[in-house]
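Subject: Structure handover

Hello,

Please find the structure below, with the sequence. My notes on what was found follow it.

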Amino acid sequence: MTENKLLEIKIEKVVNGGYGLGKIDGLVHLIPFAFPGDVVLIAPIQKQKNLVWAEIKSIIKESPYRKAKLCPQMGNCGACMWGMLDYHKQIELKKQLIEENIERSLKGKKVNVEIIYDENNQYHYRTRVIYHGDGKNLGFFKFHTKQIVDVSQCVITNKEIETIRRKLTQNNIHKDICITINPDTNKYMLYPPYINKYMFNDSNNHQIKIMDNYEDYFLYENVPIVNGCFSQNSLILNKILKNEVKKIIKNDQKILDLYCGSGNFTIDLDKERYVVGIDIDPIAIKRAKEFTTFKYQVGDENEMRKYLMNENWDTVLLDPPRTGAKKLIPYLKEAKSKKIIYISCETVNMCRDIKELSQKGWTIEKVIGVDMFPHTPHIESIVILKR
Ligand SMILES: C[S@@+](CC[C@H](N)C(=O)[O-])C[C@H]1O[C@@H](n2cnc3c(N)ncnc32)[C@H](O)[C@@H]1O
(Lines give C-alpha, C1' and ligand atoms only; values in the text may rest on other atoms or scores of the structure.)
Protein backbone atom coordinates (compact mmCIF):
# COMPACT_ATOMS: atom_id res chain seq x y z
CA MET A 1 0.00 0.00 0.00
CA THR A 2 1.32 3.43 -0.81
CA GLU A 3 -0.84 5.47 1.58
CA ASN A 4 0.96 6.24 4.80
CA LYS A 5 -1.91 8.06 6.47
CA LEU A 6 -2.45 6.88 10.04
CA LEU A 7 -5.96 5.76 10.97
CA GLU A 8 -7.69 5.56 14.32
CA ILE A 9 -9.45 2.29 15.09
CA LYS A 10 -11.11 0.57 18.02
CA ILE A 11 -10.40 -3.14 18.45
CA GLU A 12 -13.63 -5.12 18.80
CA LYS A 13 -12.38 -8.68 19.17
CA VAL A 14 -9.61 -11.10 18.28
CA VAL A 15 -9.74 -13.60 15.43
CA ASN A 16 -7.90 -16.78 14.42
CA GLY A 17 -4.16 -16.23 14.47
CA GLY A 18 -4.56 -13.89 17.45
CA TYR A 19 -5.02 -10.67 15.48
CA GLY A 20 -7.08 -7.77 16.79
CA LEU A 21 -10.06 -6.91 14.57
CA GLY A 22 -11.46 -3.42 14.09
CA LYS A 23 -13.55 -1.84 11.35
CA ILE A 24 -13.28 1.46 9.50
CA ASP A 25 -16.38 2.29 7.43
CA GLY A 26 -17.32 -1.37 7.67
CA LEU A 27 -13.97 -2.55 6.27
CA VAL A 28 -12.24 -5.15 8.47
CA HIS A 29 -8.71 -4.35 9.61
CA LEU A 30 -6.53 -7.04 11.21
CA ILE A 31 -3.78 -5.90 13.51
CA PRO A 32 -1.18 -7.93 15.44
CA PHE A 33 -0.52 -7.12 19.11
CA ALA A 34 -3.90 -5.35 19.39
CA PHE A 35 -6.49 -6.38 21.97
CA PRO A 36 -10.22 -5.87 22.58
CA GLY A 37 -10.83 -2.36 23.94
CA ASP A 38 -7.64 -0.85 22.49
CA VAL A 39 -8.00 2.38 20.52
CA VAL A 40 -4.93 2.59 18.30
CA LEU A 41 -3.42 4.54 15.44
CA ILE A 42 -2.60 2.12 12.66
CA ALA A 43 -0.72 2.17 9.40
CA PRO A 44 -2.24 -0.03 6.70
CA ILE A 45 0.30 -2.51 5.30
CA GLN A 46 -1.54 -4.61 2.78
CA LYS A 47 -5.04 -4.59 1.34
CA GLN A 48 -6.71 -7.82 0.38
CA LYS A 49 -10.16 -8.28 -1.15
CA ASN A 50 -12.26 -7.83 1.98
CA LEU A 51 -9.77 -6.75 4.59
CA VAL A 52 -6.72 -4.67 5.36
CA TRP A 53 -3.65 -5.81 7.30
CA ALA A 54 -2.24 -3.04 9.47
CA GLU A 55 0.27 -2.37 12.24
CA ILE A 56 0.01 -0.30 15.39
CA LYS A 57 1.88 3.00 15.28
CA SER A 58 0.70 4.27 18.64
CA ILE A 59 -1.85 3.49 21.33
CA ILE A 60 -4.47 6.19 22.03
CA LYS A 61 -6.34 4.29 24.72
CA GLU A 62 -5.20 1.00 26.21
CA SER A 63 -7.44 -2.03 26.49
CA PRO A 64 -8.28 -2.67 30.17
CA TYR A 65 -6.77 -6.13 29.62
CA ARG A 66 -3.33 -4.85 28.60
CA LYS A 67 -0.49 -5.39 31.02
CA ALA A 68 3.14 -4.33 31.23
CA LYS A 69 5.69 -6.04 28.97
CA LEU A 70 7.56 -8.77 30.84
CA CYS A 71 10.15 -9.05 28.09
CA PRO A 72 11.38 -6.03 26.11
CA GLN A 73 10.68 -7.90 22.85
CA MET A 74 6.94 -8.26 23.46
CA GLY A 75 5.11 -6.60 20.60
CA ASN A 76 8.05 -7.39 18.34
CA CYS A 77 8.98 -11.07 18.74
CA GLY A 78 6.84 -13.64 16.92
CA ALA A 79 6.89 -16.09 19.85
CA CYS A 80 4.38 -14.49 22.23
CA MET A 81 1.77 -12.45 20.45
CA TRP A 82 -0.48 -12.20 23.51
CA GLY A 83 2.25 -11.63 26.10
CA MET A 84 0.90 -8.16 26.89
CA LEU A 85 -2.60 -9.45 27.55
CA ASP A 86 -3.92 -10.43 30.99
CA TYR A 87 -3.66 -14.22 31.35
CA HIS A 88 -7.31 -14.75 32.35
CA LYS A 89 -8.40 -12.70 29.35
CA GLN A 90 -6.20 -14.90 27.15
CA ILE A 91 -8.08 -17.94 28.46
CA GLU A 92 -11.46 -16.29 27.84
CA LEU A 93 -10.49 -15.39 24.26
CA LYS A 94 -9.14 -18.86 23.50
CA LYS A 95 -12.43 -20.35 24.70
CA GLN A 96 -14.36 -17.94 22.46
CA LEU A 97 -12.20 -18.73 19.44
CA ILE A 98 -12.71 -22.50 19.71
CA GLU A 99 -16.46 -22.03 20.25
CA GLU A 100 -16.78 -19.65 17.27
CA ASN A 101 -14.80 -21.95 14.97
CA ILE A 102 -16.96 -24.95 15.88
CA GLU A 103 -20.16 -22.94 15.49
CA ARG A 104 -19.04 -21.70 12.06
CA SER A 105 -18.07 -25.19 10.86
CA LEU A 106 -21.10 -27.01 12.22
CA LYS A 107 -23.88 -24.68 11.05
CA GLY A 108 -24.53 -22.86 14.29
CA LYS A 109 -23.89 -25.73 16.70
CA LYS A 110 -23.33 -24.23 20.15
CA VAL A 111 -20.71 -25.84 22.35
CA ASN A 112 -19.48 -24.85 25.76
CA VAL A 113 -15.72 -25.36 25.80
CA GLU A 114 -14.06 -25.99 29.14
CA ILE A 115 -10.55 -24.56 29.27
CA ILE A 116 -7.99 -26.11 31.59
CA TYR A 117 -4.87 -24.16 32.41
CA ASP A 118 -2.08 -23.96 34.96
CA GLU A 119 -1.53 -20.40 36.03
CA ASN A 120 1.52 -21.43 38.06
CA ASN A 121 3.29 -22.68 34.95
CA GLN A 122 2.47 -19.85 32.56
CA TYR A 123 6.14 -18.75 32.44
CA HIS A 124 9.28 -20.64 31.36
CA TYR A 125 7.09 -23.56 30.36
CA ARG A 126 8.70 -24.37 27.00
CA THR A 127 10.92 -27.42 27.30
CA ARG A 128 11.44 -27.66 23.55
CA VAL A 129 12.49 -24.65 21.54
CA ILE A 130 13.51 -24.19 17.92
CA TYR A 131 15.88 -21.23 17.55
CA HIS A 132 16.76 -19.66 14.24
CA GLY A 133 20.29 -18.61 13.37
CA ASP A 134 21.50 -16.13 10.76
CA GLY A 135 25.26 -16.57 11.22
CA LYS A 136 25.39 -13.76 13.80
CA ASN A 137 22.40 -14.21 16.09
CA LEU A 138 20.45 -17.12 17.54
CA GLY A 139 16.87 -16.50 18.64
CA PHE A 140 13.27 -16.21 17.50
CA PHE A 141 12.08 -14.37 14.41
CA LYS A 142 10.69 -10.89 14.72
CA PHE A 143 6.95 -11.11 14.01
CA HIS A 144 6.35 -11.97 10.31
CA THR A 145 9.99 -11.41 9.31
CA LYS A 146 13.21 -13.43 9.19
CA GLN A 147 14.98 -10.90 11.39
CA ILE A 148 16.22 -12.40 14.66
CA VAL A 149 15.36 -10.67 17.92
CA ASP A 150 17.22 -10.83 21.23
CA VAL A 151 15.51 -13.53 23.31
CA SER A 152 17.73 -13.37 26.39
CA GLN A 153 14.81 -12.23 28.57
CA CYS A 154 12.24 -14.61 27.10
CA VAL A 155 9.59 -15.44 29.70
CA ILE A 156 8.22 -18.60 28.08
CA THR A 157 11.46 -20.54 27.54
CA ASN A 158 12.89 -22.90 30.17
CA LYS A 159 15.74 -21.04 31.87
CA GLU A 160 18.32 -23.76 31.26
CA ILE A 161 17.49 -23.75 27.57
CA GLU A 162 18.30 -20.03 27.57
CA THR A 163 21.64 -20.82 29.27
CA ILE A 164 22.47 -23.26 26.47
CA ARG A 165 21.42 -20.74 23.79
CA ARG A 166 23.73 -18.17 25.33
CA LYS A 167 26.62 -20.63 25.46
CA LEU A 168 26.05 -21.51 21.82
CA THR A 169 26.20 -17.85 20.80
CA GLN A 170 29.36 -17.38 22.92
CA ASN A 171 30.84 -20.22 20.90
CA ASN A 172 29.79 -18.50 17.66
CA ILE A 173 27.13 -21.07 16.86
CA HIS A 174 24.34 -19.22 15.15
CA LYS A 175 22.58 -21.92 13.13
CA ASP A 176 19.00 -23.21 13.39
CA ILE A 177 18.78 -25.59 16.31
CA CYS A 178 16.17 -27.40 18.38
CA ILE A 179 16.86 -27.75 22.10
CA THR A 180 14.85 -30.18 24.23
CA ILE A 181 15.29 -30.43 27.97
CA ASN A 182 14.06 -32.75 30.69
CA PRO A 183 12.81 -30.21 33.26
CA ASP A 184 13.40 -32.67 36.12
CA THR A 185 17.00 -33.66 35.39
CA ASN A 186 18.18 -30.87 33.06
CA LYS A 187 19.34 -33.38 30.48
CA TYR A 188 19.56 -31.64 27.11
CA MET A 189 19.34 -32.80 23.54
CA LEU A 190 20.34 -30.69 20.56
CA TYR A 191 19.15 -31.26 17.04
CA PRO A 192 20.76 -31.34 14.55
CA PRO A 193 23.75 -32.57 16.53
CA TYR A 194 26.42 -30.42 14.90
CA ILE A 195 27.86 -29.03 18.08
CA ASN A 196 28.98 -32.25 19.69
CA LYS A 197 32.49 -30.97 20.35
CA TYR A 198 31.26 -28.46 22.90
CA MET A 199 30.75 -28.89 26.61
CA PHE A 200 28.86 -26.31 28.58
CA ASN A 201 28.33 -25.27 32.15
CA ASP A 202 24.81 -24.87 33.41
CA SER A 203 23.67 -21.95 35.55
CA ASN A 204 25.10 -23.66 38.68
CA ASN A 205 28.41 -23.99 36.86
CA HIS A 206 28.13 -27.75 36.59
CA GLN A 207 29.45 -29.15 33.38
CA ILE A 208 26.80 -30.47 31.03
CA LYS A 209 27.48 -33.00 28.35
CA ILE A 210 25.37 -32.12 25.39
CA MET A 211 23.41 -35.16 24.28
CA ASP A 212 23.73 -34.95 20.58
CA ASN A 213 22.89 -38.19 18.83
CA TYR A 214 19.97 -38.25 16.45
CA GLU A 215 18.37 -41.15 18.25
CA ASP A 216 19.21 -40.03 21.77
CA TYR A 217 16.30 -39.82 24.19
CA PHE A 218 15.34 -39.32 27.78
CA LEU A 219 12.36 -40.76 29.61
CA TYR A 220 9.84 -38.28 30.94
CA GLU A 221 6.89 -39.70 32.84
CA ASN A 222 7.52 -43.08 31.19
CA VAL A 223 7.52 -41.65 27.65
CA PRO A 224 10.72 -41.64 25.57
CA ILE A 225 11.35 -38.07 24.39
CA VAL A 226 13.46 -38.66 21.30
CA ASN A 227 15.92 -36.21 19.77
CA GLY A 228 14.79 -35.05 16.35
CA CYS A 229 11.28 -36.51 16.78
CA PHE A 230 8.13 -34.66 17.75
CA SER A 231 7.55 -33.87 21.40
CA GLN A 232 5.05 -31.48 22.93
CA ASN A 233 6.46 -27.95 23.36
CA SER A 234 6.05 -28.14 27.13
CA LEU A 235 6.55 -31.42 28.94
CA ILE A 236 5.23 -29.66 32.05
CA LEU A 237 1.90 -28.59 30.54
CA ASN A 238 1.72 -31.85 28.61
CA LYS A 239 0.98 -33.50 31.96
CA ILE A 240 -2.38 -31.70 32.03
CA LEU A 241 -3.17 -32.73 28.47
CA LYS A 242 -2.31 -36.36 29.18
CA ASN A 243 -4.30 -36.32 32.40
CA GLU A 244 -7.43 -35.14 30.53
CA VAL A 245 -6.98 -37.79 27.83
CA LYS A 246 -6.44 -40.49 30.45
CA LYS A 247 -9.71 -39.52 32.18
CA ILE A 248 -11.59 -39.86 28.89
CA ILE A 249 -10.15 -43.28 28.02
CA LYS A 250 -10.24 -44.57 31.61
CA ASN A 251 -12.53 -47.52 30.93
CA ASP A 252 -11.54 -48.22 27.33
CA GLN A 253 -9.87 -51.54 26.65
CA LYS A 254 -9.26 -51.31 22.89
CA ILE A 255 -7.54 -48.10 21.82
CA LEU A 256 -6.21 -47.10 18.41
CA ASP A 257 -3.64 -44.30 18.88
CA LEU A 258 -3.12 -42.57 15.52
CA TYR A 259 -0.19 -40.18 14.96
CA CYS A 260 1.08 -41.63 18.24
CA GLY A 261 4.66 -40.29 18.12
CA SER A 262 6.66 -42.09 20.80
CA GLY A 263 3.51 -43.04 22.72
CA ASN A 264 2.72 -39.84 24.63
CA PHE A 265 -0.92 -40.73 25.37
CA THR A 266 -0.89 -44.51 25.67
CA ILE A 267 2.55 -45.99 26.38
CA ASP A 268 2.03 -46.10 30.15
CA LEU A 269 -1.52 -47.52 30.17
CA ASP A 270 -1.96 -50.78 32.03
CA LYS A 271 -0.79 -53.74 30.01
CA GLU A 272 -4.13 -55.57 30.08
CA ARG A 273 -5.43 -53.18 27.46
CA TYR A 274 -5.10 -53.69 23.72
CA VAL A 275 -3.38 -50.67 22.19
CA VAL A 276 -2.22 -50.13 18.62
CA GLY A 277 -0.21 -46.99 17.86
CA ILE A 278 0.74 -45.80 14.37
CA ASP A 279 3.13 -43.03 13.37
CA ILE A 280 5.21 -42.30 10.28
CA ASP A 281 8.37 -41.61 12.27
CA PRO A 282 10.44 -44.84 12.50
CA ILE A 283 12.74 -43.51 15.22
CA ALA A 284 9.89 -42.47 17.51
CA ILE A 285 8.28 -45.90 17.01
CA LYS A 286 11.56 -47.75 17.54
CA ARG A 287 12.07 -46.02 20.88
CA ALA A 288 8.44 -46.45 21.96
CA LYS A 289 8.65 -50.21 21.32
CA GLU A 290 11.57 -50.49 23.74
CA PHE A 291 9.27 -49.50 26.60
CA THR A 292 6.04 -51.36 25.92
CA THR A 293 4.52 -54.53 24.64
CA PHE A 294 1.77 -52.53 22.92
CA LYS A 295 1.67 -52.78 19.16
CA TYR A 296 3.31 -49.55 18.03
CA GLN A 297 4.18 -49.54 14.37
CA VAL A 298 5.43 -47.34 11.55
CA GLY A 299 2.78 -46.35 9.05
CA ASP A 300 0.82 -43.66 7.30
CA GLU A 301 -2.90 -43.21 6.65
CA ASN A 302 -3.00 -46.39 4.53
CA GLU A 303 -1.87 -48.44 7.49
CA MET A 304 -4.29 -46.57 9.78
CA ARG A 305 -7.10 -47.38 7.38
CA LYS A 306 -6.64 -51.15 7.83
CA TYR A 307 -7.06 -50.88 11.59
CA LEU A 308 -10.01 -48.50 11.32
CA MET A 309 -11.87 -50.80 8.93
CA ASN A 310 -10.96 -54.23 10.23
CA GLU A 311 -11.23 -53.98 14.00
CA ASN A 312 -13.71 -52.67 16.57
CA TRP A 313 -12.41 -50.04 18.98
CA ASP A 314 -13.56 -48.47 22.21
CA THR A 315 -11.66 -45.34 21.23
CA VAL A 316 -9.85 -44.04 18.21
CA LEU A 317 -7.55 -41.29 19.34
CA LEU A 318 -5.86 -39.03 16.81
CA ASP A 319 -3.33 -36.24 17.25
CA PRO A 320 -2.34 -35.26 13.71
CA PRO A 321 0.13 -32.57 12.63
CA ARG A 322 -1.07 -28.95 12.35
CA THR A 323 -2.32 -29.56 8.79
CA GLY A 324 -4.96 -31.91 10.22
CA ALA A 325 -6.11 -35.36 9.12
CA LYS A 326 -7.59 -34.70 5.68
CA LYS A 327 -6.27 -37.96 4.20
CA LEU A 328 -7.57 -39.99 7.11
CA ILE A 329 -11.07 -38.50 7.24
CA PRO A 330 -12.71 -40.79 4.63
CA TYR A 331 -11.61 -43.82 6.69
CA LEU A 332 -12.28 -42.20 10.04
CA LYS A 333 -15.87 -41.51 8.95
CA GLU A 334 -16.36 -45.28 8.72
CA ALA A 335 -14.38 -46.12 11.87
CA LYS A 336 -15.70 -49.07 13.84
CA SER A 337 -15.36 -47.27 17.12
CA LYS A 338 -17.52 -46.17 20.04
CA LYS A 339 -15.82 -42.79 20.10
CA ILE A 340 -13.19 -40.62 18.46
CA ILE A 341 -10.92 -38.31 20.42
CA TYR A 342 -9.47 -35.62 18.16
CA ILE A 343 -6.53 -33.73 19.69
CA SER A 344 -5.13 -30.70 17.90
CA CYS A 345 -3.31 -27.41 18.37
CA GLU A 346 -4.72 -26.08 15.06
CA THR A 347 -8.36 -25.22 15.60
CA VAL A 348 -9.25 -24.25 12.03
CA ASN A 349 -8.02 -27.45 10.37
CA MET A 350 -9.47 -29.53 13.19
CA CYS A 351 -12.90 -27.93 12.65
CA ARG A 352 -12.66 -28.60 8.91
CA ASP A 353 -12.14 -32.31 9.70
CA ILE A 354 -14.88 -32.42 12.35
CA LYS A 355 -17.32 -30.90 9.88
CA GLU A 356 -16.55 -33.80 7.51
CA LEU A 357 -17.04 -36.34 10.28
CA SER A 358 -20.35 -34.76 11.27
CA GLN A 359 -21.68 -35.56 7.80
CA LYS A 360 -21.38 -39.25 8.70
CA GLY A 361 -23.19 -38.91 12.00
CA TRP A 362 -20.26 -38.20 14.35
CA THR A 363 -21.42 -35.58 16.84
CA ILE A 364 -19.51 -33.60 19.41
CA GLU A 365 -20.02 -34.81 22.95
CA LYS A 366 -17.52 -32.58 24.71
CA VAL A 367 -14.72 -30.12 23.93
CA ILE A 368 -11.87 -29.33 26.28
CA GLY A 369 -9.17 -26.75 25.63
CA VAL A 370 -5.82 -27.16 27.35
CA ASP A 371 -3.63 -24.09 27.44
CA MET A 372 -0.31 -25.55 26.37
CA PHE A 373 0.84 -22.22 24.94
CA PRO A 374 0.37 -19.35 27.44
CA HIS A 375 0.99 -15.85 26.04
CA THR A 376 0.38 -17.00 22.47
CA PRO A 377 -3.00 -17.32 20.71
CA HIS A 378 -2.54 -21.09 20.37
CA ILE A 379 -4.51 -23.68 22.30
CA GLU A 380 -4.66 -27.47 22.31
CA SER A 381 -8.17 -28.88 21.88
CA ILE A 382 -9.55 -32.27 22.81
CA VAL A 383 -12.80 -33.05 21.01
CA ILE A 384 -14.80 -36.14 21.93
CA LEU A 385 -17.06 -37.40 19.14
CA LYS A 386 -19.69 -40.13 19.30
CA ARG A 387 -22.40 -41.55 17.08
C1 LIG B 1 1.22 -33.49 16.76
S2 LIG B 1 2.34 -34.84 16.67
C3 LIG B 1 1.65 -35.90 17.88
C4 LIG B 1 2.55 -36.96 18.42
C5 LIG B 1 2.11 -37.62 19.72
N6 LIG B 1 0.71 -37.95 19.74
C7 LIG B 1 2.48 -36.76 20.94
O8 LIG B 1 1.58 -36.28 21.65
O9 LIG B 1 3.68 -36.58 21.19
C10 LIG B 1 1.93 -35.51 15.13
C11 LIG B 1 2.61 -36.82 14.78
O12 LIG B 1 2.14 -37.20 13.48
C13 LIG B 1 3.17 -37.90 12.82
N14 LIG B 1 2.84 -37.85 11.37
C15 LIG B 1 2.93 -36.80 10.52
N16 LIG B 1 2.45 -37.15 9.30
C17 LIG B 1 2.05 -38.44 9.39
C18 LIG B 1 1.47 -39.36 8.46
N19 LIG B 1 1.18 -39.00 7.21
N20 LIG B 1 1.19 -40.60 8.88
C21 LIG B 1 1.46 -40.98 10.15
N22 LIG B 1 2.01 -40.15 11.07
C23 LIG B 1 2.30 -38.89 10.71
C24 LIG B 1 4.44 -37.19 13.24
O25 LIG B 1 5.56 -38.03 13.10
C26 LIG B 1 4.12 -36.81 14.70
O27 LIG B 1 4.63 -37.78 15.58
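**Overall layout**

The chain holds 7 helices and 23 strands. Please keep in mind that this is a predicted model. For 387 residues, a compact globule would have a radius of gyration near 21 Å; the chain has 22 Å, so the two agree. Along the principal axes, the C-alpha atoms fill a box of roughly 65 × 55 × 35 Å.

Of the 387 residues, 55% are buried. Among contacts with a separation of 6 or more, 59% join residues 24 or more positions apart. The accessible surface is about 17,700 Å², and carbon and sulfur atoms account for 48% of that area. As for charge, there are 58 positive and 48 negative side chains, and the centres of the two sets are 3 Å apart.

**Domains**

The domain assignment gives domain 1 as 7-61, domain 2 as 88-120 + 232-386, and domain 3 as 122-226. Between the C-alpha centres of domain 2 and domain 3 the distance is 28 Å. Their contact involves 27 residues of domain 2 and 20 residues of domain 3.

**Valine 40**

Valine 40 sits in strand S5, which covers residues 39-47. Is valine 40 buried or exposed? Its relative accessibility is 0%, so valine 40 counts as buried; the cut-off for buried is under 20%. Neighbours within four places in sequence aside, valine 40 is in contact with Leu7, Glu8, Ile9, Ile11, Ile56, Ser58, Ile59 and Ile60. One of these, isoleucine 11, is 29 residues away in sequence, with a C-alpha to C-alpha distance of 7.9 Å from valine 40.

**Glycine 261**

Glycine 261 belongs to the loop between strand S17 (254-258) and strand S18 (274-279). With a relative accessible area of 14%, glycine 261 is buried. Not counting residues up to four places away in sequence, glycine 261 touches Asp279, Ala284 and Ile285. Tyrosine 217 is 44 residues from glycine 261 along the chain, and their C-alpha atoms are 13 Å apart.

**Backbone points to check**

Most residues other than glycine have a negative phi, and most peptide bonds are trans.

- Proline 192 is in the loop between strand S12 (188-191) and strand S13 (199-201).
- Phenylalanine 33: phi is positive, about 60°, although the residue is not a glycine. Phenylalanine 33 is in the loop between strand S4 (27-31) and S5. Its relative accessible area is 8%, so phenylalanine 33 is buried.
- Histidine 375: phi is near 75°, again a positive value in a residue other than glycine. The loop that holds histidine 375 runs between strand S22 (363-370) and strand S23 (380-386). Histidine 375 counts as buried because its relative accessibility is 0%.

Regards

Conventions: Residues numbered from 1 in each chain as written. Predicted model: local features only at pLDDT ≥ 70, side-chain atom pairs only at ≥ 80, totals over all residues. Heavy atoms only, no water. Helix = DSSP H or I, 4+ residues; strand = E, 2+ residues; numbered from the N terminus. Rg over C-alpha atoms; globule rule 2.2 N^0.38 Å. Buried < 20%, exposed > 50% of the residue type's maximum accessible area, 1.4 Å probe, protein only. Contact = heavy atoms within 4.5 Å. Areas by Shrake-Rupley, 256 points an atom, 1.4 Å probe, with all protein chains shown as cover. Lys, Arg positive; Asp, Glu negative; His and termini not counted. Charge placed at Lys NZ, Arg CZ, Asp CG, Glu CD. Domains from an automatic or database assignment.
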